[in-house]
Amino acid sequence: MIRFKIKELIAEKEFNERRKITLQEVADSAGVNRTALSKMMNPSYQYSTTTKAIDSLCAYFGCNVEDVIVYVNE
């Protein structure tokens, strides 16, 4: 199963920038739909997304693909 690490990335960015970051801010800045981000954050959805969305999240968080998604063996 693929798991998105959006919550962890937001928490790390909040800590580094010493401010609150909303999901809407991430959506607006990264150009990814807020509803899609919510679904990515909920593992029960098993949400499928595009490589463009993953690329946009990597650019926003300044990270690599493996920082955004991870494979979890069930």
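Biologist: Which residues does Phe61 touch, not counting residues up to four places away in sequence?

Modeller: This is a predicted model. Phe61 is listed with the residues that have the most contacts inside the largest nonpolar core. Leaving aside residues up to four places away in sequence, Phe61 touches Leu9, Ile10, Lys13 and Val26.

Biologist: Which helix gives the largest share of the lining of the largest pocket?

Modeller: The lining includes Phe61, Cys63 and Asp67. Also among the lining residues are Lys5, Glu8, Leu9 and Glu12. The largest share is six residues, and the helix that gives them is α1 (residues 6-17).

Biologist: How many charged residues are in the lining of the largest pocket?

Modeller: The pocket has a volume of about 170 Å³. Lys13 and Glu17 are among its lining residues, as is Asn16. By class, the lining has three nonpolar residues and one polar residue, and the charged count is six.

Biologist: How many disulfides are there?

Modeller: A disulfide is a covalent bond between the sulfur atoms of two cysteines. The cut-off used here is 2.5 Å between the sulfur atoms. By this rule the count is zero.

Biologist: How far away is the nearest cysteine sulfur to Cys58?

Modeller: Cys58 is in no disulfide. Its nearest cysteine sulfur is that of Cys63. Cys63 is in no disulfide either, and its nearest cysteine sulfur is that of Cys58. The distance is 4.5 Å.

Biologist: Is Cys63 buried or exposed?

Modeller: Buried means under 20% relative accessible area. Cys58 counts as buried at 9% relative accessibility. Cys63 has 17% relative accessibility, so Cys63 counts as buried.

Biologist: Why is Ser56 called buried?

Modeller: Ser56 sits in helix α4 (residues 51-61). The cut-off for buried is under 20% relative accessible area. Ser56 is buried because its relative accessible area is 14%.

Biologist: Which residues does Ser56 touch, not counting residues up to four places away in sequence?

Modeller: Take first a partner from elsewhere along the chain. Ser29 is 27 residues from Ser56 along the chain, and their C-alpha atoms are separated by 8.9 Å. With residues up to four places away in sequence left out, Ser56 touches Ala30 and Val32.

Biologist: Where is Arg18, and is it buried or exposed?

Modeller: Arg18 is not a glycine, yet it has a positive phi of about 55°. Its place is in the loop between α1 and α2. Exposed means over 50% relative accessible area. Arg18 has 75% relative accessibility, so Arg18 counts as exposed.

Biologist: What is the phi of Gln46?

Modeller: Gln46 lies in the loop between α3 and α4. Gln46 is exposed, with a relative accessible area of 56%. Gln46 is not a glycine, but its phi is positive, at about 45°.

Biologist: How far apart in space are Thr22 and Ile54, C-alpha to C-alpha?

Modeller: Thr22 has its place in the loop between α1 and α2. At 39% relative accessibility, Thr22 counts as partly exposed. Thr22 and Ile54 are 32 residues apart in sequence, and their C-alpha to C-alpha distance is 18 Å.

Methods: Residues numbered from 1 in each chain as written. Predicted model: local features only at pLDDT ≥ 70, side-chain atom pairs only at ≥ 80, totals over all residues. Heavy atoms only, no water. 1 Å grid on protein atoms, 1.4 Å probe; cavity = no way out; pocket = protein on both sides within 12 Å on 5 of 7 lines; lining within 4 Å. Points joined across faces, edges and corners; volume = space filled by probe spheres on them. Helix = DSSP H or I, 4+ residues; strand = E, 2+ residues; numbered from the N terminus. Nonpolar A, V, L, I, M, F, W, Y, C, P; charged D, E, K, R; others polar. Buried < 20%, exposed > 50% of the residue type's maximum accessible area, 1.4 Å probe, protein only. Contact = heavy atoms within 4.5 Å. Core = buried A, V, L, I, M, F, W, Y, C linked by side-chain atoms within 4.5 Å.
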